[in-house]
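Have the model open and follow along.

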Amino acid sequence: MKKIVLMGNPNVGKSLLFSRLTGTKVVTSNFPGTTVGITRGTFSCTHKNCNEHQYMLIDAPGAYSFSDQKAPADIEKVALKITKSADIIINVVDATSLERNLLLTLELIKHHKGPLIMALNLWDEAKYHGISIDIEKLSSILGIPVIPTIALTGSGVKELATTVTDFPTLKNRTTINDSIDWNAIKSIENQVQTKTARKKRLHEYWESITLDPVWGTLIAIAILIICFSAIFFIADHIENFIEIILQYCYTPLLLGLYKLLNGFPFLQTILVGTTDGSTINYSEAMGLLTSGLYIPLAKVAPPVGIFYAIIGLLEDSGYLPRLATLSDTVMHRFALHGFAIVPLILGAGCNVTGILATRLLPNRAQRIIASFLLSIAIPCTSQIAMIVRMGGRMGAKYMFVIFACLFFIWYSVGYFLGMHQTKSYDELILELPPYRIPDIKMVFKKLSYRMYNFFGDAIPVTIGGIFILLVCNYFHLLDGLANFLGVFSQKLWGLPSTVVPIILMGLFRKEIALSFLDRHSELTNAQLCVTTLLLSISFACLSVYTILYKEFGGRVLFYMVAAMCGIATLMGFILSSILVYI
């Protein structure tokens, strides 16, 4: 199967064009020997005379240049290696910034002697900004096909696909033997591009406001508050709806199974859990077929799905790069640059997704710092739901205390780590895409892909965790450990030994721990607050341990777990000491 590679600068619409060509059935993985993520999919032939029915389409990491550097980043290395192995390359170019994009184009012409096509994307934005490009002349100068496209609407994509599968024979492809000079690039731009003066439009003033240090920060805070309020408001109604459906359609089947298993108490406990014989409380039943399915499907999936939908809208609207620019100064204190805010925000949906997104950061030190911060101080959607739910029981002031503690941990630990890595970041150079109205169809495509991965992870881990805990509870395997550790929990945090198994359960999934914590009505508000904080600081689920091991190795994971335990122990002790006086 021939390889088609999409190459281009960051933020030129390359990934959106990839989605247009492949749909959602794609595979994301690391390039061998690196932590740089690449995406693969299949592209079907659209031309009747093509020899290949399917091609492998690869979305390479965005890169500005292959120019030799003393210490080139993994992204440039991977991009160059992928280029050399490609059969066909589609160079995605931002039509509004032709000069900047032509550097990579000329380097591709120099390094790749096979078919090369330029997709001149954001064609509508170029016209909007008064930019006119002579397509035929540009194609003639470079000696490669040039196809104007609008990835957001799909305009030009069919012509691009036809060109790929029925590559035209072009003469006089430009030859580049020496180093590429900016004067030559500027000369090409002057020959093919003209600009017309125009007045600034209303939404461009909004672009300026959202980058203002004061107004932009206030807008960012307002957007985050609105987004998370919408997430939990909508998710709560979805959960109630799912529970009604289960009670009417699913509960009778489970009650029948429970009666059928009379005489087999072990199977009744493992499969169905607790029931009064007429109804089932899915949150507290703790059976594989009850809580094991209800927790990921009704409690976790709704907020996670809504979060991913909102993130998709923010991504495609062009807001996230501006948020990265706003947060650049703060991130420098942690030896990170502003784009690290994107993995941190994604981590608020799912820590695993956030850790994977740190592959976009330029070096290993930054990836480790960002991954550790989001693992201990950025609660995922299920952890936020847990905190909010416990806040309803404890009171709003305790919920505020927990979020304040997490913010303190995020800032202080990040600042401490940044003190030893002051030279690990570069200044943020980021191309800001124009604000666009997101294509809802494309947003749902990305949402379906992300949720498919989420269900593949959450349901097996949740069911496996519940199974292990139920077996341990049934045979009283945790009692001895709880009694042993209960002595320390009482002295350090003022927590009874009955809380120890709950904290241990949180290592699998926080939702499981929450369901057990709900049963302990004897705990005071202060004890609930400390327990919830300890659960929030510990890694969100078993998948986080797994992905940290895969990304950074066992040694780094060991240090992270040790640091997590130390921070949790210290913060639990400090909080329990303070709450005595509240």
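In helix α5 (residues 135–142), the buried residues are Ile 135, Leu 138, Ser 139 and Leu 142. Viewed down the axis of α5, those buried residues fall within an arc of 100°, so they line one face of the helix. The arc is taken from the directions running from the helix axis to the C-beta atoms. Buried means under 20% relative accessible area, exposed means over 50%, and partly exposed is in between (1.4 Å probe, protein chains only). Helices (H or I, at least four residues) and strands (E, at least two) are DSSP runs numbered from the N terminus. This is a predicted model, where local features need pLDDT of at least 70 and side-chain atom pairs need 80 or more, while totals for chains, interfaces and linings use all residues. Residues are numbered from 1 along each chain as its sequence is written, and side-chain values use heavy atoms, leaving out hydrogens and water.

Glu 136 and Ser 140 are exposed, on the face of α5 turned away from its buried side. The cover over the buried residues includes α3 (98–111), β6 (116–121), α4 (123–128), β7 (131–133), β8 (146–148) and α7 (182–192); contact here means heavy atoms within 4.5 Å.

## The ends of α5

At the start of α5, a side-chain oxygen of Asp 134 comes to within 3.3 Å of the backbone nitrogen of Glu 136. Just past the helix, Gly 143 has a positive phi of about 75°.

## Where α16 meets α25

Helix α16 (residues 364–377) and helix α25 (residues 554–579) have axes that come within 11 Å and cross at roughly 35°. Those axes are lines fitted to C-alpha atoms, for helices over the stretch in contact, with angles running from 0 to 180 degrees between N-to-C directions. On the α16 side you'll find Arg 364, Ile 368, Ser 371, Phe 372 and Ile 376, which meet Val 556, Met 560, Ala 563, Met 564 and Ile 567 of α25.

## Two buried serines

Ser 371 sits in helix α16 and is buried, with a relative accessible area of 0%. Its side chain reaches the backbone oxygen of Arg 367 at 2.7 Å. Not counting residues up to four places away in sequence, Ser 371 touches Ile 355, Thr 358, Leu 548, Phe 552 and Met 560.

Ser 536 lies in helix α23 (residues 525–537) and is buried too, at a relative accessible area of 2%. Beyond four places in sequence, the contacts of Ser 536 include Ile 376, Gln 383 and Met 386.

Note on methods
Polar contact = N/O pair within 3.5 Å; in protein donor to acceptor, adjacent residues only side chain to side chain.
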